[in-house]
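Subject: Handing over a structure, with notes

Dear colleague,

I am passing this structure on to you, and I would be glad if you could look through it with the notes that come after it.

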Amino acid sequence: MTNLQDDQDSQDTPPPGCPAHAARLYGPDFRRRPDETYQRIRQESGPVAPVLLEGDIDAWFVLGYREARQVLSDTETFGRDPRRWNGWDSVPPDWPLLPWVAYSPMMTFTEGEEHQLRSRAVGEALATVDPFVLRGHCERFADQLIDKFAASGKADLVYDYIYSVPTLATAELFGLSLEEAGLEALATGLAVSFLSNEEAIGGQRRVAEYVTELVRAKREDPGPDLTSRFILNTPHLTEEQHTADIMVLMAAALPLTSYWIGNTLRLMLTDERFAMTLSGNRRSIGEAMNEVLWADSPLQNLIGRYATRATALGGRRIRAGDLVVLGLAAANADPLLWPDTPVGHAGNHSHVAFSGGDYGCPAGGPETARIIAETAIEVLLDRIPDLTLAVAPDELQWADSFWYRCLDSLPVTFSPTPVTGS
């Protein structure tokens, strides 16, 4: 339960942000090994902890799996509209997390019937995607990209492949021009908008300009693409609302899918359970992808929920208007889920890597991402079965992002192979 009647069971804790109690979810140590930060916070503060976000902004951090499920399911107590936040006075105008936290007409900030209507419209649009056609497109894109570096015997997969396959798939899905410069600007803008630095705000602004032009074109001349179908499904929405919602969909299609590919390839190149079966064992790819969603989730943290009333959560007193950050990766690693003898993640899909509840990924979203990611990995390992990491695993660098767990680069070597000529 989450009502005030439970307060007698909650800890009489100081407000979030107290230096003696709050851990910082930013900085070099957090970027390098966030799992160690989560473990330390859990040991010191339990399943719900006071933390400081970039710029020492106060928040509550949910690390417990049960508590995360509670927040995700209780939309009456934990709302999505950021205008409820009682901490806006301490947020500077250049706060790097602002692009995806400040209120805008995005569907992610709507509640109740309006959110259900827009989410359902997304699901209906995604339901028209033919998985076999999508897989065929992704196979073609993957072959074309591999042809560019196959003969060299080396590549940086982040720059040469991991971003590019989902970018081209996004163009196909959303009806974008395949003009290379424009797609690169879109992909870069989306990736930058989730960084924890001064580039984030400008990155999202560039994406908004790009998507606005796309929406205007599709409102005037619809086509057989997700953008047009969503617009046709929601004739009551304004151009600004359509733009905001398409940006949300692209943010899921590009960064999340790209990082799912990257983290899975890193796992398969560094963990002998998967590395030994790079060639020939197709089940290992699906197992690796699922392992990543549990243990190295691309989407690590989610801002957020805002308490609509005073309540109790995980033994903490939450005030009305407090910001609650969902630690998706931390919740997936909750030791209460994995007592004593680890049973592994195979076949277990009850993670919260895609969030959950009314505000989770719309129906069809995770499956579309899985098709793109799985196809990209399969084609790469079919074409280049002897991929080898070119640096020591602990030399890999990670992007400075509170939201995502993603590599800055993934250098590999391999035996040069011929191009397909496709």
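Residues are numbered from 1 along each chain as its sequence is written, and side-chain values use heavy atoms, with hydrogens and water left out.

The mean pLDDT (the predictor's confidence in each residue, from 0 to 100) of the protein chain is 89, and 90% of its residues reach 70 or more. Over residues 1–15, however, the pLDDT is below 50, although this stretch has 30 contacts in the model beyond near neighbours in sequence; a contact here means heavy atoms within 4.5 Å. Where pLDDT is low, the predicted coordinates should not be read in detail.

The protein chain holds 15 helices and eleven strands, where helices (H or I, at least four residues) and strands (E, at least two) are DSSP runs numbered from the N terminus. Of its 422 residues, 57% count as buried, that is, under 20% relative accessible area, with exposed meaning over 50% and partly exposed in between (1.4 Å probe, protein chains only). Among contacts between residues at least 6 apart in sequence, 73% join residues at least 24 apart.

Helix α7 (residues 164–174) packs against helix α11 (residues 239–270) at an angle of about 150°, with the axes 9 Å apart; axes are lines fitted to C-alpha atoms, for helices over the stretch in contact, and angles run from 0 to 180 degrees between N-to-C directions. That angle makes α7 roughly antiparallel to α11, given that angles under 35 degrees count as roughly parallel, over 145 as roughly antiparallel, 65 to 115 as roughly perpendicular and the rest as oblique. On the α7 side the contact is made by P166, T167, T170 and F174, and on the α11 side by residues including I246, L249, M250 and A253. By class, this contact of α7 with α11 has eight nonpolar, four polar and no charged residues, where Ala, Val, Leu, Ile, Met, Phe, Trp, Tyr, Cys and Pro count as nonpolar, Asp, Glu, Lys and Arg as charged, and the others, Gly among them, as polar.

Helix α7 is mostly covered, since ten of its eleven residues are buried, and the residue that follows α7 is G175, whose phi is positive, near 75°. L168, which is found in α7, is buried with a relative accessible area of 19%. Not counting residues up to four places away in sequence, L168 touches F141, L145, L178 and L183.

In helix α11 lies L249, which counts as buried at 17% relative accessibility. Leaving aside neighbours within four places in sequence, L249 is in contact with V122 and F174. L249 and P362 are 113 residues apart in sequence, yet 9.4 Å apart in space, C-alpha to C-alpha.

The second pair is helix α4 (residues 112–126) and helix α10 (residues 226–233), which pack at an angle of about 140° with their axes 9 Å apart, and that makes α4 oblique to α10. Among the residues that make this contact are R118, V122 and E124 of α4, and R229 and F230 of α10. By class, the contact of α4 with α10 has six nonpolar, one polar and three charged residues.

With best wishes

Methods
This is a predicted model: local features need pLDDT of at least 70, side-chain atom pairs count only at pLDDT 80 or more; totals for chains, interfaces and linings use all residues.
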